[in-house]
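Hi,

Here is the structure I promised to send over. Have a look at it first, and then read my notes below.

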Amino acid sequence: TSVSNEFTLAMIKPDAVAAGKARDIMHAIESNGFYIIAKKYIQLTEAEAKEFYGEHEGKPFFPNLITFMTSGPIYALCMSKIGAISAWRALMGPTNSKEAREIKPTSLRALYGTDNTKNACHGSDSTNSARREVLFYFPDISFPQLVDQGDLRKYI
Ligand code: DGI
């Protein structure tokens, strides 16, 4: 089966922004062939973070996740590439930065994150979550911005 052009939603999380690593991460993104279609610098409110991570509500790590994600500004990025969703998750590495340093030391979470909570970046895990997450940050994103990106329209 062929891999089609996709878009995905990335976040550069508060730990990486506060450490001054946002530019390095964006450079890695572009060096790896992603196009940054839209970018937003924003500090999430508690309500926004709870909405974004709603699927994790009730899990033991949820309170820490919300505290962390509202602790400082982030970058939200809408990015496109052939197979963007899996390509970006591969570039980030495993969720836990400690594990990432053991099994994928060149990944962004290995390089820029700390542990299971402070892990430097986020990426959508499916086309459905990509659509939801892109529209969460960029509700007015328009087809003309995406029209050169193949069949993105079917997702949005
Ligand atoms: O898609 P991911 O960010 O890799 O992982 P996810 O969607 O399962 O979880 C979202 C975030 O929640 C993740 O980036 C860090 C946090 N998290 C997930 N699982 C755990 C966790 N935090 C802790 N402390 N423990 C976990 O098991």
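**What sits around the ligand**

Around the ligand you'll find His56, Phe61, Asn64, Leu65, Thr95, Asn116, Thr117, Asn119, His122 and Asp125 (a residue is near a molecule if its C-beta atom, placed from the backbone, lies within 6 Å of it). Sorted by class, that shell has 2 nonpolar, 7 polar and 1 charged residues; here Ala, Val, Leu, Ile, Met, Phe, Trp, Tyr, Cys and Pro count as nonpolar, Asp, Glu, Lys and Arg as charged, and the others, Gly among them, as polar.

Before going on, some housekeeping: this is a predicted model, where local features need pLDDT of at least 70, side-chain atom pairs count only at pLDDT 80 or more, and totals for chains, interfaces and linings use all residues. Residues are numbered from 1 along each chain as its sequence is written.

**The overall picture**

The protein has 9 helices and 4 strands (DSSP runs numbered from the N terminus: H or I of at least four residues for helices, E of at least two for strands). Starting at the N terminus, their order is β-α-α-β-α-α-β-α-α-α-β-α-α. Of its 156 residues, 35% count as buried, meaning that 20 or more other C-beta atoms lie within 10 Å of the residue's own; exposed is 12 or fewer, and partly exposed is in between, with C-beta atoms placed from the backbone.

**Helix α2**

Which residues of α2 are buried? In this helix (residues 22-31) they are Ala22, Ile25 and Ile29. They share one side of α2, because they cover an arc of only 65 degrees around the axis (taken from the directions from the helix axis to the C-beta atoms). The face turned away from that buried side carries the exposed Arg23, His27, Glu30 and Ser31. Among the elements covering the buried residues are β1 (5-12), β2 (35-42) and β3 (74-82). After α2 comes glycine 33, with a positive phi near 85 degrees.

**Glycine 54**

Glycine 54 is in the loop between α3 (46-52) and α4 (62-69). It counts as exposed because it has 10 C-beta neighbours inside 10 Å.

The average pLDDT (the predictor's confidence in each residue, from 0 to 100) is 91, and 89% of the residues score at least 70. For the complex, the predictor gives an ipTM of 0.97 and a pTM of 0.92. Over residues 147-151, though, pLDDT stays under 50. Where pLDDT is low, the predicted coordinates should not be read in detail.

Cheers

Terms used. Two residues are in contact if their C-beta atoms, placed from the backbone, lie within 7 Å.
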